[in-house]
Amino acid sequence: MFGRSTRRSRIFYQVLATIMVAPFALPLFWIVAISFEGAGAAANYAAVFTQTPFVRFLFNSLVISAGTIALVFACTMLAGYALGKLRFAGRELIFTAILAGLMLPAVGLIVPLFIMVKQFGLFNNYLAVILPLTAVLLPMTILLTRNFVIGIPDELLDAARIDGATTFGTLIRIVVPLSRPIIAVVIVWAFLNSWNEFLLPLLFLQETSLQAVTQIPTYFTSTYGSDVPKIFAALVLMCLPIVVAYLAFQSFFERGLTAGALK
Amino acid sequence: MSQTVMIHSHQRPKSARPVSTRRRRQRELTAYLYLLPALLAVIGITYFGVLYNAWISTFDWNGIDPDPESVGLGNYLKIAGDPIFWSALAHIAIFGAITVAVQMAFGFSLALVLGGPIRGRAVYKAIVFIPVVLAPAAVSTAFRQFLRPDGQVNDVLAALGLGGLQHAWIADPDVALFALAAVNIFQWTGFSFILYQAALSQIDVNHLEAAQLDGAGTWRTILHIVIPQLRPTHLTLILMGVIGSLKTFDIVFLITGGGPGRSTEFLTTYIYKQSIMQFHVGYGAALSIVLLGLALLLTVVQTRLYKLEKEA
């Protein structure tokens, strides 16, 4: 698009790109740099592990993420398969009904959620976070999966049926293996949203031993006041899993985050 | 379950018609069964939540009183006359306009420039996209520090000779909303960038070469050929940005808490304060219904637009 790449134009682009990326690089650099200040890197990071329930928070977030991913995955595959390949009355109506929830923010549901959680005695229970998260994530994951499953050739499913496979057998042996690309997107989407969720744990997991990693900054600020380097050490640690996951599965993350926008 | 269904239908292959209708009915039953978990979650939580919200919104309720007073549409009338509600909408509009415009322009420029002859493109790309995957809670905490009067942002401004632009970003009600917009831009430009990058790779190269052969410069090619061809991406980003600003909660709650004063109050933070902190549960529910209504309206607009785009 930009004609021949002469030496001058290459330098020009390199400099321009560096300047444009700086507003993103600098804050990321600062986060790590500040965590090394004060008592020093080793002391700061050690303090996070030894003086705070950080490991416990990490474990809680892992449970919430694993639970959400499992539930979203199961509901999505079953529903996506049914909506994409099975014939039944009211299919379009049910699909539209699920899609209506596509953009609804969980914060708009805090009053009823609060009352429901109280009613079912789910305060300080992981389910109080996992279930609403699943409900909010499903419209998007079902939309993506249904659109993907529709593209699987009917001949493959018919062949399986003629071979005597049950509907469920077809789902497990044909649809799931062929849907791997979209399954990766669904899992990434569910992981990202559950790991980064702030509001629901804030509302429903008030016991310190049950809080999620996103509560760490608040917990630290109230407990350790302004020991900024230690807070930043905790920030680095809470971001590490998701950054490592992103770097390892870049294309899935990029597709996972943009798939909803492109469909 | 479906196993038994199939065996059952094999066992009785009597006359053709009844079997096929029975089989069809059984297959329909299987389909409904498969939809049950998803429907339980979506209807049991989202739909029920919305309806429950609507019902609660007709009461003057503190969340505890077993016999709350019904006020009909009173809460909605109160909203219509609530200056905090209207200023929250104005904040969302300003925040949305700034973040959408800047993120689009910035993301597009990055996609263009990083499409040029660059060494270490993958690293640049990762740096721009990493903020998108970070927890807003972490980003907010970091920026609370960066935006302090003696923080990193003011240091950079001073180093660039722009000391006159230094502010107490979070404490000054005149600039706090813009500071929040900047944080949002840091976090979400990578999203616009990736979408534009994907869209740019789809553009017909012949078109561009033809334009350049015709003597159109780089700028004119971008302006008259590239930008119009990216129309669907622009639309997507505008809609997602508007919906996103309506939903924004974490960064506002954690950086300014809606303050100083009410200068950065959003609908979401107002709902949180009313229903959780001040026990105005009925009023909070009514505000939630307004928020959900706006979100639903935008979803409908979005799906309509996509349909129009596909047909065009």
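Mentor: Buried means under 20% relative accessible area, exposed over 50%, and partly exposed in between, with a 1.4 Å probe and protein chains only. Helices (H or I, at least four residues) and strands (E, at least two) are DSSP runs, numbered from the N terminus. This is a predicted model, in which local features need pLDDT of at least 70 and side-chain atom pairs count only at pLDDT 80 or more, while totals for chains, interfaces and linings use all residues. Residues are numbered from 1 along each chain as its sequence is written, chains are lettered from A and ligands numbered from 1 in the order in which they are written, and side-chain values use heavy atoms, with hydrogens and water left out.

Trainee: How many residues of H8(B) are buried?

Mentor: Helix H8 of chain B covers residues 176-202 and has 27 residues. The helix is largely enclosed by the rest of the structure, because the buried residues number 20 of the 27.

Trainee: At which residue does H8(B) bend?

Mentor: From first to last C-alpha the helix reaches 39 Å, close to the 39 Å expected at 1.5 Å a residue; the expected span is 1.5 Å times one less than the number of residues. A bend is the angle between axes fitted to the seven residues ending at a residue and the seven starting there. In H8(B) this angle is about 45°, at Trp188(B).

Trainee: Is Gln187(B) buried or exposed, and what is its relative accessible area?

Mentor: Gln187(B) lies in helix H8 of chain B. Contact means heavy atoms within 4.5 Å, and, not counting residues up to four places away in sequence, Gln187(B) touches Pro131(B), Val132(B), Leu134(B), Ala135(B), Pro136(B), Val139(B) and Ile251(B). Gln187(B) is buried, and its relative accessible area is 2%.

Trainee: What is the radius of gyration of chain B?

Mentor: Chain B has 14 helices and 2 strands. Chain B is more spread out than a compact globule, because the globule rule gives 20 Å for 312 residues and the radius of gyration is well over that, at 26 Å. The radius is taken over C-alpha atoms, and the rule is 2.2 Å times the number of residues to the power 0.38. Along the principal axes, the C-alpha trace of chain B spans about 85 × 65 × 30 Å, and the radius of gyration asked for is 26 Å.

Trainee: What percentage of the residues in chain A is buried?

Mentor: Chain A has 13 helices and 0 strands. Its radius of gyration is 23 Å, whereas a compact globule of 263 residues would have one near 18 Å. Of the 263 residues in chain A, the buried share is 56%.

Trainee: Which residues does Leu156(A) touch, not counting those up to four places away in sequence?

Mentor: Leu156(A) is in helix H7 (residues 154-162) of chain A and is partly exposed, with a relative accessible area of 38%. Its C-alpha atom is separated by 51 Å from that of Ile31(A), 125 residues apart along the chain. The residues touched are Ile174(A) and Leu178(A).

Trainee: Which three residues supply 9% of the area that chain B buries against chain A?

Mentor: Buried area is the accessible area (1.4 Å probe) that two parts lose on being put together, summed over both. Chains B and A bury about 8,000 Å² between them, with 81% of it on carbon and sulfur atoms. The contact takes 93 residues from chain B and 87 residues from chain A. Supplying more of chain B's buried area than any other three residues are Tyr34(B), Pro117(B) and Val133(B).
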